[in-house]
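Look over the sequence and the model, then read the points below.

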Amino acid sequence: MSDLKQNNQNDFISEKIKVKPVNKKKLIRRTIITISMAIIFGLVACVTFLVLEPVISNWLYSEEELQTQIVRFPEDKEEMSPEEMLAENLPTESPEPTPVPTPTPEPEQGEGEETVVLGEEQIQDILSQVTFDLDHYKEMYGALSEYIEELRRYMVTVTAVTSNIDWLIGEQESRNQCSGVIISENGMELLILTDYSNIMSGARLLVTFYDDSQVEAQLKQHNSATNLAVLSVALDELSEEIKGEEELPIAHFGYSGGKGLVGTPVVALGSPMGTNNSVGYGIVTSSNTVLSTVDRNYKLILTDISGSQNASGVLFDLQGQVIGIITNNKTSSDMRNLISGYGITELQKIVEKTSNASAIAYLGIRGVDVPKEANEELGIPFGAYVEELDMDSPAMRAGIQRGDVIVYVDDKSVSGFNAYSNILMQMEPGQTVTVTVMRQAQEEYKEMEFSIELGGVR
């Protein structure tokens, strides 16, 4: 009887679970509906964003704030002679009248006019009558001091802040400083040119202006060939004193490409002595040194100003214009303590590209101009003479060789290496150009064309 009850109990609690069959048609239909709804939702979201984004942006920001202007620097001005430079800065009234020679009597009627030529003795006699005492020195250096104070408005101090962790002491901050110069603004930012090697390791960049206000800056871009960088500071973060001026304190570029530059007075400002806000006076002693780099050559301006090997800053002329950016690692070992700088005329296009955070077209050539003597005696055509090529550069891969003379880039004539550099600076990376060269074959030069896709560098 107990066995029967046990069997009945087992029968009662046992049940069989059947798996419900899958309705494949229904599952496929639901999947298709889900995917379709997702696509429709995505399209609606995209259309809504495209329609509303301009409205929301215009509501949050004004039109001026949304537009960043392209930075353009004026074209090179005509060269000014040293006499004209000095004449512009002479006072209108002298403390004491300078003696002048007795005028030559006017020629009688019928006689031709004669040019008065002073002899050496007459010149020395005139100069001997000019007195220059201590008061004149005070006045001259007082005028220079006032001039320096005006130029300081264009200068800033850049501080690179780096955080280091010491397991014994804890977190420490190291600060490295150099000078910079305000060069432009793009509608939203103030742009500052400075030395890249002094700030490259900084986690934060701080800029101190002439009114002692300090603002955090961002690295816009740097140029590896010149070791220069452009920093940006938001215009709305400037102090009320700076924003309240009629014009922002932006330095203007002068002209450094003329032969008359040698012998003209210059002012080194920034950190020429290795310390911030130092200054040096002197003259340009040489401007013939050429620094050869890939696709571009730069002029080096040498001065008689003795300074630091760690100098940074700017060379100003007496018109308040920048003619050079100080760099003291390009001179020979016996002139390490004399301030030198890149000529601003040759540097201007690079600074313009860097200010706009634009890549620079790259072909990979080092070269020089063809001298007149080489053209007349050896028959080498005028153009950009190729001295070296970068390994695996676009020029080398295309087949250009040492000794070739570039005479055209596309339809633009190349008269020399500077002309080649300026034409290349107008190109964009990735652009395909036709480079025409003259190559020596036996005793004559033959024309060859190469189609080259330009690379890009920063």
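The side chains of T226 and N223 are joined by a polar contact of 2.8 Å. A polar contact is a pair of N or O atoms within 3.5 Å; within protein, one must be able to donate a hydrogen and the other to accept it, and residues adjacent in sequence count only if both atoms are side-chain atoms. This is a predicted model: local features need pLDDT of at least 70, side-chain atom pairs count only at pLDDT 80 or more, and totals for chains, interfaces and linings use all residues. Residues are numbered from 1 along each chain as its sequence is written, and side-chain values use heavy atoms, with hydrogens and water left out.

**Around T226**
- T226 sits in the loop between β5 (214-223) and β6 (228-234). Strands (E, at least two residues) and helices (H or I, at least four) are DSSP runs, numbered from the N terminus.
- T226 counts as buried because its relative accessibility is 4%. Buried means under 20% relative accessible area, exposed over 50%, and partly exposed in between (1.4 Å probe, protein chains only).
- Leaving out residues up to four places away in sequence, T226 touches Y298, Y342 and L347. Contact means heavy atoms within 4.5 Å.

**Nonpolar cores**
- The largest nonpolar core has 33 residues. Such a core is a set of buried Ala, Val, Leu, Ile, Met, Phe, Trp, Tyr and Cys residues joined through side-chain atoms within 4.5 Å.
- Helix α8 (residues 344-355) gives this core its largest share, four residues.
- Another core lies apart from it, with 22 residues, including A395, Y420, M427 and V437.
- L347 is among the residues with the most contacts inside the largest core, and so is L193.
- Partners of L193 include V181, L228, I325 and V351, not counting residues up to four places away in sequence.

**Helix α8**
- Of the 12 residues in α8, 11 are buried. Among them are I344, L347, E352 and K353.
- A357 follows α8 and has a positive phi, near 55 degrees.

**An aromatic pair**
- The whole structure holds five aromatic pairs. Rings of Phe, Tyr and Trp (its six-membered ring) pair if their centres lie within 6.5 Å; planes under 30 degrees apart count as stacked, over 60 as edge-to-face and the rest as tilted.
- F417 and Y420 form a tilted pair, 5.2 Å centre to centre, with 45 degrees between the planes.
- Both lie in helix α11 (residues 417-425), three residues apart, about one turn of the helix.
- F417 is buried at 1% relative accessibility, and Y420 is buried with a relative accessible area of 1%.
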